[in-house]
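The following briefing is meant to be read alongside the sequence and the coordinates. It covers salt bridges, a sheet and its helix, and the nonpolar cores in turn.

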Amino acid sequence: MTSPADDEKFMARAIEVARRHLGLTDTNPSVGCVIVKDGNIVAEASTSVSGRPHAERNALALAGEAALGATAYVTLEPCSHYGKTPPCANALVEAGVARVVVAVDDPDERVSGRGYQILRDAGIQVETGLLRDEAQRGLAGYLIRKTKNRPQVILKLAVSSDGKIGREGEGQIAITGPEARQAVQTLRAECDAILVGIGTVLADDPELTVRIPGMEDRSPIRVVLDRNLQIPTSSKLVRTARDVPVIVVTSNQTARADEAWHLMQGGLLAGVGVELLDAVGLASLLHSLGERGMSNLLVEGGAAVARSFLEAGLVDRILLFEGPDAIGAGGVETPLARNDMPKEFTFVGETAFGADRCFEYERPL
């Protein structure tokens, strides 16, 4: 038998392995599986790119006969339903695994305890809840989509030392350094969609893609809140819509009085590959994104947009990047600072990126 310390070590490894394919597993979660025998890791794997095969099957294929009598550490309850492949719980039984240690229960109604029952009925020892909180962070998008029918909302803000996120009329201002900006690029690659308001588009003309060499194809879907279809057809977002999808969220209730202009602009945007989505309110938008299988939405742009998500109680995770320099007169006040964090959020940790600091907060699932 392994010690509690060893169990934690191997589960921590499974959580690390699960991160390999964050944002690449379609509607399935990125799960980690580590198979251990006689105190040694004999195989480890994450869910495949595109979501199939699952982590357990990948790890068992690598382990081969070494899986017999071994312990499998899995970040999410093994599936119990037949889809494109037979259930992972059955695969663990067939491989002769003696013990399965799981971090997080699967809320999917097709699983939700049934995976455990298959294992126990086969005489396999099952233990659950090990490093649950740590594993839930990587699975939060999937868990929230399954329980709340919407993606996890991650709010990212870059704040200067004097509490500003930009300067009026000057467009985008560099508040953090290259290390922090690289971290944000990685975060984009792990998300299904990134959202900004039309104010950010008009001021900054952003592209909102992943700019890490070799990872450009992991750029998330770009979403713009634009009730009155003000987005210029010459903007970078519109010009690249056929390369990386763009959704412009409008509302028939607030369309311009000039209906003919509205129809013409909508036609122009649709003609170059921009999708128009009518949604009344943020909750409706999030439900629509969840129905499409999106699990993680990164909210990046604009104080007003950030404030609207916060006031609606729709933010699940906050990343507050703080730079060392002040912006001074004419700066745009941040909608959120460490000293006024909503009480429902708990502090997770602090990370240094060069001279910058990132403070992470999360709301209980």
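Lys164, at 12% relative accessibility, counts as buried (buried means under 20% relative accessible area, exposed over 50% and partly exposed in between, with a 1.4 Å probe and protein chains only). This is a predicted model, in which local features need pLDDT of at least 70 and side-chain atom pairs count only at pLDDT 80 or more, whereas totals for chains, interfaces and linings use all residues. Residues are numbered from 1 along each chain as its sequence is written, and side-chain values use heavy atoms, with hydrogens and water left out.

**Salt bridges**

- The structure holds 20 salt bridges, each defined as a side-chain nitrogen of Lys or Arg within 4 Å of a carboxyl oxygen of Asp or Glu.
- Lys164 meets Asp162 in one of them, at 4.0 Å from N to O, and Asp162 counts as partly exposed at 26% relative accessibility.
- Glu300 and Lys156 form a salt bridge of 3.9 Å, N to O, and since Glu300 lies in strand β12 and Lys156 in strand β6, parts 144 residues apart in sequence are tied together; both residues are buried.

**Sheet and helix**

- Nine strands form an open sheet of mixed pairing, in the order β11-β10-β9-β8-β12-β6-β13-β16-β15, where strands are DSSP runs of E of at least two residues and helices runs of H or I of at least four, numbered from the N terminus, and two strands pair if DSSP finds at least two bridges between them.
- β11 (275–278) and β15 (346–353) stand at the edges with a single partner strand each, so one side of each is left without a neighbour in the sheet.
- Helix α5 (residues 132–148) lies across β6 (152–159), β12 (296–301), β15 and β16 (356–362), and runs at about 130° to β6, with axes fitted to C-alpha atoms, for helices over the stretch in contact (heavy atoms within 4.5 Å), and angles from 0 to 180 degrees between N-to-C directions.

**Nonpolar cores**

- In the largest nonpolar core, of 41 residues, Met11, Ile35, Ala72, Tyr73 and Val100 touch the most other members; such a core is a set of buried Ala, Val, Leu, Ile, Met, Phe, Trp, Tyr and Cys residues joined through side-chain atoms within 4.5 Å.
- A second, separate core of 32 residues includes Ala279, Val299, Val305 and Leu310.
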